[in-house]
Amino acid sequence: SDKVNSFSSTNFLNRKINNNFADIKKEIKNKKISICVTGAGGSIGSELCRQIISMNPVKLIIIDFCEFNLYKIYEELKELCNSNTILIPKLLDAKNQIKLEEIFKQNKIEIVYHAAAYKHVPLVEINKIEGLRNNLLSTRSVSLAAIKNNISKVVLISSDKAVRPTNVMGATKRISELIFQVFSKDYPHTKFSIVRFGNVLGSSGSVVPLFKEQI
């Protein structure tokens with residue numbers, strides 16, 4: 001049982017992870033950037049927030065629709081937060097374009113990381129319409145709110161399942177990428193970027209926690 005309790009996804013796979021955030025940190029600190037993360041309470045969004053808060057941005061807006069998840073990451077980030085960084089939690093559905101526009105404008109957001117999405121393949125397969133509605137409309141709302149506020153950079157957290165998708169979740173991610181590509185072409189003043197994550201070890205959508213439970 002001791003071995004099971006000490007099990008972690010990283011040491012189980014015997015991986016060493018070296019991150020170089022020097023350039024990003026320099027950009028954030030030198031330009032006094034305000035940042036927004038949607039889906040901040042999720043497994044991927046929360047890790048983005050931890051990394052960002054360590055770079056001491058002027059302001060970090062964390063958005064999530066789940067009250068409990070938002071509360072958890074907010075409490076954690078308050079302990080990590082530098083006194084010079086303003087941390088603001090927003091209980092909000094990322095599909096709400098009007099409210100996003102208000103938040104972006106009021107807080108002078110310059111970079112947005114869009115991590116809000118349903119990502120459980122089996123659940124989205126069962127709830128196809130809701131998966132499509134949530135993932136696509138949130139991407140569209142974030143994009144529109146960004147261009148209306150002349151935000152400099154928007155980053156979509158996509159998935160390797162967007163490559164020749166064989167399931168609904170993967171299809172929503174691929175369509176979200178296409179939405180970003182269209183906005184990137186039509187609105188060059190905002191840099192729309194896409195990053196594809198593979199199986200994020202230990203995340204709520206990863207198979208590793210299931211393996212841990214079985215072990």
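Is Tyr71 buried, partly exposed or exposed? Tyr71 is partly exposed, at a relative accessible area of 48%; buried means under 20%, exposed over 50% and partly exposed in between, with a 1.4 Å probe and protein chains only.

This is a predicted model, in which local features need pLDDT of at least 70, side-chain atom pairs count only at pLDDT 80 or more, and totals for chains, interfaces and linings use all residues. Residues are numbered from 1 along each chain as its sequence is written, and side-chain values use heavy atoms, with hydrogens and water left out.

**View 1. The protein chain as a whole.** Ten helices and six strands make up the secondary structure of the protein chain; these are DSSP runs numbered from the N terminus, helices being H or I of at least four residues and strands E of at least two. Of the 215 residues in the protein chain, 41% are buried. Among contacts with a separation of 6 or more, 73% are between residues 24 or more positions apart, where contact means heavy atoms within 4.5 Å.

**View 2. Tyr71 in helix α5.** Tyr71 belongs to helix α5, residues 67-80. Pro89 is 18 residues from Tyr71 in sequence, and the C-alpha atoms of Tyr71 and Pro89 are 8.3 Å apart.

**View 3. The crossing of helices α8 and α9.** Helix α8 (residues 128-148) and helix α9 (residues 168-186) have axes that come within 9 Å and cross at roughly 20°. Axes are lines fitted to C-alpha atoms, for helices over the stretch in contact, and angles run from 0 to 180 degrees between N-to-C directions. Residues making the contact include Leu132, Leu136, Arg140 and Leu144 of α8 and Ile175, Ile179, Phe180 and Phe183 of α9. By class, the residues of the contact of α8 with α9 are nine nonpolar, six polar and two charged. Here Ala, Val, Leu, Ile, Met, Phe, Trp, Tyr, Cys and Pro count as nonpolar, Asp, Glu, Lys and Arg as charged, and the others, Gly among them, as polar.

**View 4. Arg140 on helix α8.** Arg140, a residue of helix α8, is partly exposed at 45% relative accessibility. Apart from neighbours within four places in sequence, Arg140 contacts Gln97 and Ile179. Arg140 and Phe183 are 43 residues apart in sequence, with 9.3 Å from C-alpha to C-alpha.

**View 5. The aromatic cluster around Phe183.** Phe180, Phe183, Tyr187 and Phe192 are linked into a cluster by ring pairs. Rings of Phe, Tyr and Trp (its six-membered ring) pair if their centres lie within 6.5 Å; planes under 30 degrees apart are stacked, over 60 edge-to-face and the rest tilted. The count comes to three aromatic pairs. Phe183 and Tyr187 are stacked, at 5.8 Å centre to centre and 25° between the planes. The pair of Phe183 and Phe192 is tilted, because the planes lie at 35°, with ring centres 5.8 Å apart. Phe183 and Phe192 are both buried, Phe183 at 10% relative accessibility, whereas Tyr187 is partly exposed at 32%.

**View 6. Glu177 in helix α9.** Glu177 is placed in helix α9 and is buried, at 2% relative accessibility. Beyond neighbours within four places in sequence, Glu177 is in contact with Leu156, Ser158, Ser159, Ala162, Ile194 and Arg196.
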